[in-house]
Amino acid sequence: MLPAQAHRLAPSLLTLESAGEGQYDVLFKTPSQRPTGVEIVPALPDHCAPLSQPEFSTEATGIVLRWRVDCGTSGLVGSTLAVRGLAESGTNALIRVVLPQGRRVQAVLHADADELVVPERPSAWRVFQDYLWLGAEHIAGGFDHLLFVFGLLLLANGARSLVATVTAFTLGHSVTLSLAALGFVRFPSAPIEVIIALTILVLALELARTPPKDDALLRQRPWAVSFGFGLLHGFGFAGALSEVGLPEAEIPMALFSFNVGIEIGQLVFVGVVLTLGWLFARVWKEWPPWLLRVPVMAMGGLAFYWCLDRGLGLFAGGF
């Protein structure tokens, strides 16, 4: 992973769309950035014979292969599709299958489950599992979002304030994630990434203020600011979800489970941080003042770097 990246590598995409008479058009897209020496390759059923050589092309974020296969009269229902190399690359893959008569099957593959047996119709339970896993993995790899939550933990004064602040952040990003995923609002991802970095920098600057300014909005109403910044972070989550899309037959279920996955990952992170803080407090009764400033300085420095890096990337890309 490049130092400037705050998220996991983008998922691969394998699409098979019926072209009639047992034939399927295949598209396979892999991210252009991947660990050195790792190959991510699709594995189609043995009875699906290629009818053409793969056509190679490149896009802004990936490498694309297109070709056609003939799966005969047996088709794809009941057959196994797979993407190999997910464990080695630490990435996911989305499989989309458009069967004859327009029936659609969609699933998310990962290191522990890199195969899909194509069903007659996708089950709601499989959709729930796939998108729950995807949401949890995204927040686990979204270091910028977790760093913002860490800042909220440092800002909150007492358990009641902490619960209100973290809950407000959750509500904020859930609103914009849902609206963006359903197509009601749209916002370019590149500017959002810059703004997310700015929210972390603003939070770090407030935490670094000595002595704290009690009448500052972040100190008086941290829950309100957390909700507003959460609205912005929700667009970032929506960008990740747009990479894989939502299954047409189970959109509410997929959106709900993706949100739940994010919240589970977020709560686990909060629990780990609070536990570590409690353990450190048991070992060191009185922390040196400089030690308390280290995490805030590191948070601010990294946020400032992201602002510069993402801002220059935005400028270079012509907005």
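Analyst: Let us begin with a pair of helices: helix 3 passes helix 5 in a left-handed crossing. Please note that this is a predicted model.

User: What makes helix 3 roughly parallel to helix 5?

Analyst: The axes of helix 3 and helix 5 cross at roughly 25 degrees and come within 10 Å. Angles under 35 degrees count as roughly parallel, and helix 3 is therefore roughly parallel to helix 5.

User: Which residues of helix 3 and helix 5 meet?

Analyst: On the side of helix 3, the residues are Asp144, His145, Leu147, Phe148, Gly151, Leu152, Leu154 and Leu155. They meet Glu193, Ile196, Thr199, Ile200, Leu203, Glu206 and Leu207 of helix 5. Leaving aside neighbours within four places in sequence, Ile200 is in contact with Asp144, Leu147 and Phe148, and also with Met299, Ala303 and Trp306.

User: Why does Leu132 count as partly exposed?

Analyst: The relative accessibility of Leu132 is 22%. Buried requires a value under 20% and exposed a value over 50%, so Leu132 is placed in between, as partly exposed. Leu132 belongs to helix 2. Not counting residues up to four places away in sequence, Leu132 touches Ser257, Phe258, Val260, Gly261 and Ile264.

User: Why does Ser174 count as buried?

Analyst: Ser174, a residue of helix 4, has a relative accessibility of 19%. The limit for buried is under 20%, and Ser174 therefore counts as buried. Beyond its neighbours within four places in sequence, Ser174 is in contact with Asn259 and Glu263.

User: How do you know whether Glu21 is buried or exposed?

Analyst: Its relative accessibility is 77%. Exposed means over 50%, so Glu21 counts as exposed. Glu21 is placed in the loop between strand 1 (12-20) and strand 2 (23-31). Glu21 also has a positive phi of about 55 degrees although it is not a glycine.

User: How do you know how the length of helix 2 compares with the expected value?

Analyst: Helix 2 has 18 residues, and from its first C-alpha to its last it reaches 26 Å. At 1.5 Å a residue, 26 Å is expected, and the span of helix 2 is close to that value. Among the buried residues of helix 2 are Val127, Phe128, Tyr131 and Leu134.

User: Which residues have the most contacts inside the largest nonpolar core?

Analyst: They are Tyr131, Ile200 and Leu203, in a core of 51 residues. Elements that give two or more residues to this core include helix 2 (124-141), helix 3 (143-155), helix 5 (189-208) and helix 8 (251-283). Another core, of 24 residues, lies apart from it, with Phe28, Ile95, Leu99 and Val118 among its residues.

Terms used
Residues numbered from 1 in each chain as written. Predicted model: local features only at pLDDT ≥ 70, side-chain atom pairs only at ≥ 80, totals over all residues. Heavy atoms only, no water. Core = buried A, V, L, I, M, F, W, Y, C linked by side-chain atoms within 4.5 Å. Buried < 20%, exposed > 50% of the residue type's maximum accessible area, 1.4 Å probe, protein only. Helix = DSSP H or I, 4+ residues; strand = E, 2+ residues; numbered from the N terminus. Contact = heavy atoms within 4.5 Å. Expected span 1.5 Å × (residues − 1). Axes fitted to C-alpha atoms, helices over the stretch in contact; angles between N-to-C directions. Parallel < 35°, antiparallel > 145°, perpendicular 65-115°, else oblique. Left-handed = near helix turned anticlockwise from the far one by under 90°.
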